[in-house]
Amino acid sequence: MRFSGLLYFYGRRLRTRPVQELLAGVGIAIGVALVFAVQVANSSITDASNAIVRGIAGTASLQLRARDSDGFDEHMLARVQRLPGVSEAAPILEQTASLVGRGGRHAAIALGSAGPSLISLDGSITRSISLHDLSMPGVILPAATARALGLPTSPSQSVGGHPPRVTLQVRGRASRVAVVAVLGPEAIGALSGSMAAIAPLAFVQRVTGLQGRVSRILVTTIPGQQSSVRRELTALAAGRLTVAPADQDITLLEQAVAPNTEATGFFVLVSAIVGLLLAFNAMLLTVPERRRVIADLRMQGVRPWQLVRMLLFQAACLGVVASLVGLAVGDVLSRTIFHVTPSYLAAAFPLGTQTVIGLRPLLVSFAGGVLATCLAAAPPLLDLRRSRAVDAVYFEDGEPGQALDGRAQLRLLLAGGVLIVLTSGPLIFWPSSIVLATVGLAVATLLSIPFAFQMVVRLAERLAAYSSRLNMLTVALRALRATTVRSLALAATGAIAVFGCVVAEDSHNDLLHGLYRDYSEYVSTAEVWVVSHGDALATSSFPARGLVAHVASVPGVAGVRAYQGGFLDVDGRRVWIIARAASAPAPIPASQLLEGDIAAATERLRKGGWMTVSRRLAEVNHATVGGTLTLPTPSGPVAYRIAATTTNLGWSSGAIILNDSDYRRAWRTSDASALEVDTRPGADIAAVKRAVQGALGPGSALTVQTSGERAAQADALARQGLSRMSQITSLLMVAAALAMAAAIGAGIWQRRSSLAALRIHSFSPWQLRGVLTCESVLVLGTGGLAGAAAGVYGHLLCDRYLRLTTGFPAPFAVEGVHTIQTIVLIVVGALVVLAVPGYVASQVPPQLALQD
Amino acid sequence: MSSPVRGAVLECDGVVKHYPGFGGEVVRAVDGVTLALGAGEIVALHGPSGSGKSTLLMLAAALMAPDAGVVRFQGRELTSLSPAQAANYQRREIGFIFQSFHLMAGVPAVENAAIKLLADRVPLKHARRAAIPWLERVGLAGRLNHTPDQLSGGERQRVAIARALVNEPRLILADEPTGSLDTQRGGEVLALLSAIARQQQVAVLLVTHDPQAAAVADRVCTLRDGRLVSDEPAPASSALLRQAWG
């Protein structure tokens, strides 16, 4: 068959069955859109960060990095520049800070400062910053930051004349600074979407009180000299600084977002299965007509391989168009609903806010859509078997392979059971095999649908036998036998959607409950906290000398402890360090303890030389309770003994709790990152909070919060960071309900002739509506119940994975109400959408039965 | 308009039905047809496509109302029936047979035959019991639990005939019942229909293109452009055949 012939037949099909083709296309597009949007949203976090890190580092391949926020002596720069093999070296001083703009609008930012030498690294971002701007005493803001502060953002330009001023809060100090330029994407690309500020090095050193200090030095080497420069830098670091690739932050960020990526990867999987099932459903509607065409053409002498080409051509055309539409919709989704940059990571990593579309998600989604369409279009090809040549003519009522006998159903169910055992068994030994277990469970759910469907039908038959008032249920049960394959496919779609929603939403809720419990316990050591604005993890340090005594003198305050903390890169992870005073009432959150005894661990921690570590961190270092782990501290490697292991305390890379004396010694700083304030018995906490805030004075960059407010802030941050999971779940439910409703609706529409026959047999429109409603509820309900059962088990597996592999606190709790809500939402959603086509179909004129 | 014909089961008296056509034209689907069927009588309705045969069936089934004229069932005007009464009439008094059978796939013959009783709130068990004698009567005693895909075309149409008879109607309306069957099976189905009609004293209005239909009919009517152009007794040869089959 020539190409023109293929086109002719497809054109004919489009003209005669436009609605069927449209429906099939919509099903495929929904699946592609979901898969693409989730992948893009997922990869955008690291891709955007990658663009920023590489855009700043330019030609630099190495860096010498401080291990704390105080940095190191800037004279190190000259020594680095003198090293043989170094062609360029640029110092940077980085701090987490806040800006306060018009109307008191706050923005938490990464404050980066550099000298003209950074521009010489020729990074795609820094090369666009003018030397003039970088020499002015003030900050350069990316457009997103300026927007958040209520400042004008376009056009990108240097702000001449009287530049607007904002308040910069950093290291406990507040200073009024000028905004010397606002730069948009045309000037600094990816960085324009970041919450950041750039300023001259000397200026930032002055406002932070870190005169003569830098955080890192980016190093460009002469080609071929990287290894020798690295050795020289390591010698220069003397164990107190870190020598790493210039883009090390990307590796650390990838590690930090790995659990999130894996969790959303699960959604990609569920979305892909739902997408494939939707496409399959949609294509099933076209099967009878395609079979007739095949039979017609075969009887006219068209050869089987020509028919295969024709069907594949039609499927490919549909797949390509629908996948392109799906990519466009997915792009919109990834830029709107799914566009969330987890704020909790901003304290530790340079994050971009823009959506980055990589080639991989594009190709995977597109190819998947086309392949799914071709697979779904395949059933009519069964008629090409020699024995089935004219089945479509003589057995036009049925669909190929529509009936599954009881034995086949049982076999499928058993195969599903075996699959669950085989795929979830390895979880006992390898908790990270969750993806295998999830795939196994999803496939097992599909395999169980025929049996579950049969069980539901039998139960419904028994129910219908009770009363002739339920005769419409009886008729519906008979009608379902006529469309077994389609009904099973629809039920399977519902099952996978419910399965995905239950697993994701319940695990998400467990995680939120676990995080909230963890944070509540973590901050309950003091009634009132003094921290830098927006610093939920208390990792931004500030000079505390004098401040402790000042706050302690506030009426109602019983005592003040300096709390120290920050981030430390340990074995490729950016670990959260918590240093608590020996006098802190409960330095270790007891609910987060995994191994060890809480009383003994607390006593050892207070004594010094001991620490608790997240179990995952201990595992990768092959350390156990009682053993030692060496930390690369700012004063050099220090070995601590492990008093206990904990969850990751909500920080995906892991956390370490140690004694503040140990911290002060190893980090060589007395700066605090928070003050823990104990109130006098009977004191009004809100009044003490106000009094402390007053004592800090209006110019202070510090904020005062009660422990409840801090827990709520952390909870909000966790919810924001995990919000994509909820959004995907909701979208999955809506998409599944809509797509199933569309497929059922189209199926009903195709059956108008047989419905008309029922009307001639004196079934009233009301009775037909009863039949259609019963059919829909049975199909959707079967899928919902099977999906819910699998979902509860999947939820259990997911929680195990979260606790054992990622180390997140996620106490398992069956949320029956939520599971029922999910089923009801999907079933009711689909029924509501179905109401219109169902009503119209029930009014079918009886004479239609005579018109075929 | 004449008064009801004594003993007629179905009577059409000057029935007119128009449809709007293209370009404001009026299609006179049925144009002044007068026709009567008695109990046990079979009338074959011939005519080319578009001559108004199916429209006449729908008028007889009270699925539509005539624009003029009267349709009576056992002397009662169908146009005067309320929707509920019309539904009652369809449920109790008529049986329908379609060219394409309209059986439910995957459903046993006995339940397909019983399906219309369910609309009348008859419990499934009783409906099945009521359908079995009719399936036996049409020669499917051994195939009660066979689904349509396990039956031949002729057997499927027999199930449809049993379904039409299960409510013991006074009138059967058959729309091309042999249209999907080969000559032999078509002949068998017509003979069966004829025999049952006579035994049960059911009037049969048989819309057909099949020349064999004349063999079982008492009268052959011809419609052309909505008008009844002939209404004649079946040929004598047909009467012999009828005797042989009946």
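Okay, one definition before we start: a residue is called buried if 20 or more other C-beta atoms lie within 10 Å of its own. Keep in mind that what we're looking at is a predicted model.

So, chain A. Of its 852 residues, 55% count as buried. Its secondary structure comes to 28 helices and 22 strands, and the C-alpha atoms fill a box of roughly 95 × 60 × 50 Å along the principal axes. Now take the contacts in chain A between residues at least 6 apart in sequence: 84% of those join residues at least 24 apart.

Nonpolar side chains tend to be buried together in soluble globular proteins. Here, the largest nonpolar core has 357 residues, and the ones touching the most other members are A:V219, A:L675 and B:L206. Helix α2 of chain A, residues 18-57, gives this core its largest share, 22 residues. And who does A:L675 touch? Leaving aside neighbours within four places in sequence, its contacts include A:V530, A:A544, A:L547 and A:Y563.

Next, a pair of helices in chain A. Helix α18, residues 484-523, packs against helix α28, residues 816-842, at an angle of about 145°, and their axes are 10 Å apart. The crossing of α18(A) past α28(A) is right-handed. On the α18(A) side you'll find A:G494, A:A497 and A:C501, among others, while α28(A) brings residues including A:H818 and A:I823. By type, that contact divides into six nonpolar, four polar and two charged residues.

Over to chain B. Have a look at the open sheet: four strands in the order β2-β1-β4-β5, with antiparallel pairing. Lying across β1, β2 and β4 of chain B is α1(B), which runs at about 60° to β2(B).

Last stop, where the two chains meet. Chain B puts in 28 residues and chain A puts in 27. On the chain B side, α1 (53-60), α2 (83-92) and α3 (109-118) each supply at least two residues, with the largest share, four residues, coming from α3(B). That side of chain B divides into 17 nonpolar, five polar and six charged residues.

That's my tour, thanks!

Key: Residues are numbered from 1 along each chain as its sequence is written. Chains are lettered from A and ligands numbered from 1 in the order in which they are written. This is a predicted model: local features need pLDDT of at least 70, side-chain atom pairs count only at pLDDT 80 or more; totals for chains, interfaces and linings use all residues. A residue is buried if 20 or more other C-beta atoms lie within 10 Å of its own, exposed if 12 or fewer, and partly exposed in between; C-beta atoms are placed from the backbone. Two residues are in contact if their C-beta atoms, placed from the backbone, lie within 7 Å. Ala, Val, Leu, Ile, Met, Phe, Trp, Tyr, Cys and Pro count as nonpolar, Asp, Glu, Lys and Arg as charged, and the others, Gly among them, as polar. Axes are lines fitted to C-alpha atoms, for helices over the stretch in contact, and angles run from 0 to 180 degrees between N-to-C directions. A crossing is left-handed if the near helix is turned anticlockwise from the far one by less than a right angle, and right-handed if clockwise. A nonpolar core is a set of buried Ala, Val, Leu, Ile, Met, Phe, Trp, Tyr and Cys residues joined through C-beta atoms within 7 Å. Two strands pair if DSSP finds at least two bridges between them.
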